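Biologist: Could you walk me through this one? I'd like to start with the strand pairing and then move to the helices.
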Amino acid sequence: MSHGDPRVVWRAVDLLDREAVEREIAAIRPSAVYHCGGIADVRATWTSPARALRANVLGTSNVLNTVAETVPECPVLVTGSALVYRPSTQALTEDCPIGPSSPYGFSKLAQEMMAQAVPAAAALMARPFNHAGPRQSDAFVASAFARQIAEAEAGRREPVIKVGNLGARRDITDVRDTVRAYCLLVERGRPARPYNVCSGHAYLVQDLLDTLLGLARIPLAVVSDPARMRPSDNPIVLGDASRIRAETGWTPRIPIERTLADLLDHWRSHVSASPA
């Protein structure tokens, strides 16, 4: 299946189907694997933790073991999560205590342990903090705000933005900077060594909302929605990117204002192209 660029071929593969994974890896014989498949919606894992564990752990096992058996020289980047760390109000380094506080965090820690348990695989380990940007699912906070704004501007919903916890602070990196970090880790990172991928700045969710509201083309009201609250929500998640900066030269380049503006423009285009 093509997707615009003739150099890109998409194939749908169930990562829980070991035989299907083996067939595709054998057919492609990749020079590098960026393993981003899995469950990424933190809130959803509270209602279906087993699904997150199957996708994030068993899926990773199938990818790593297949690559180790088929193309053992191929590096595999495993995209973990900052939510493997014990909650802290300080900037988290890779040496900070581990202690996830959600089913999602547990699944990502188990995924990381799986990556370390397959010695024949050249597994590189990223611990991304929050990221945002065009085409992000509205399961994530900034994208949820942007979609609601775009729909309200188009008359698809009432001019009201429903929100969860606005007092949380989150370290957010533009997705395009995050992708650059992943590429540099495959080129220059050390296997089995975790690397934070983060901006080093914890943004208040209220400020993200205010920035997006400032870009809105109509006045909007804001109301609290209990359904958008998580059972466990760390008040602050902040990372220290010293290791990846020192060992790969990576540093984020895109300011949060551009990230939010591009995200809102994406949803405007999506809404205008969708049937009313």
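Biologist: In what sense do strand 4 and strand 5 pair, and over how many bridges?
Modeller: Strand 4 (residues 75–79) and strand 5 pair in the parallel sense over five bridges, where strands count as paired if DSSP finds at least two bridges between them, and Val76 stands opposite Ala123 in strand 5. This is a predicted model, in which local features need pLDDT of at least 70 and side-chain atom pairs count only at pLDDT 80 or more, while totals for chains, interfaces and linings use all residues. Residues are numbered from 1 along each chain as its sequence is written, and side-chain values use heavy atoms, with hydrogens and water left out.

Biologist: And which residue of strand 9 does Met125 stand opposite?
Modeller: Met125 stands opposite Pro194; strand 5 and strand 9 (residues 194–197) run parallel and are joined by four bridges.

Biologist: Is strand 5 mostly covered or mostly open?
Modeller: Strand 5 (residues 122–128) is mostly covered, with six of its seven residues buried, meaning under 20% relative accessible area with a 1.4 Å probe, protein chains only.

Biologist: Switching to helices, at what angle do helix 2 and helix 3 cross?
Modeller: The axes of helix 2 (residues 49–70) and helix 3 (residues 103–117) cross at roughly 15° and come within 9 Å. That makes helix 2 roughly parallel to helix 3 (angles under 35 degrees count as such).

Biologist: Which residues make the contact?
Modeller: Among them are Leu53 and Val57 of helix 2 and Tyr104 and Met114 of helix 3, contact meaning heavy atoms within 4.5 Å. The contact residues divide into ten nonpolar, five polar and one charged.

Terms used:
Axes fitted to C-alpha atoms, helices over the stretch in contact; angles between N-to-C directions. Helix = DSSP H or I, 4+ residues; strand = E, 2+ residues; numbered from the N terminus. Parallel < 35°, antiparallel > 145°, perpendicular 65-115°, else oblique. Nonpolar A, V, L, I, M, F, W, Y, C, P; charged D, E, K, R; others polar. Buried < 20%, exposed > 50% of the residue type's maximum accessible area, 1.4 Å probe, protein only.
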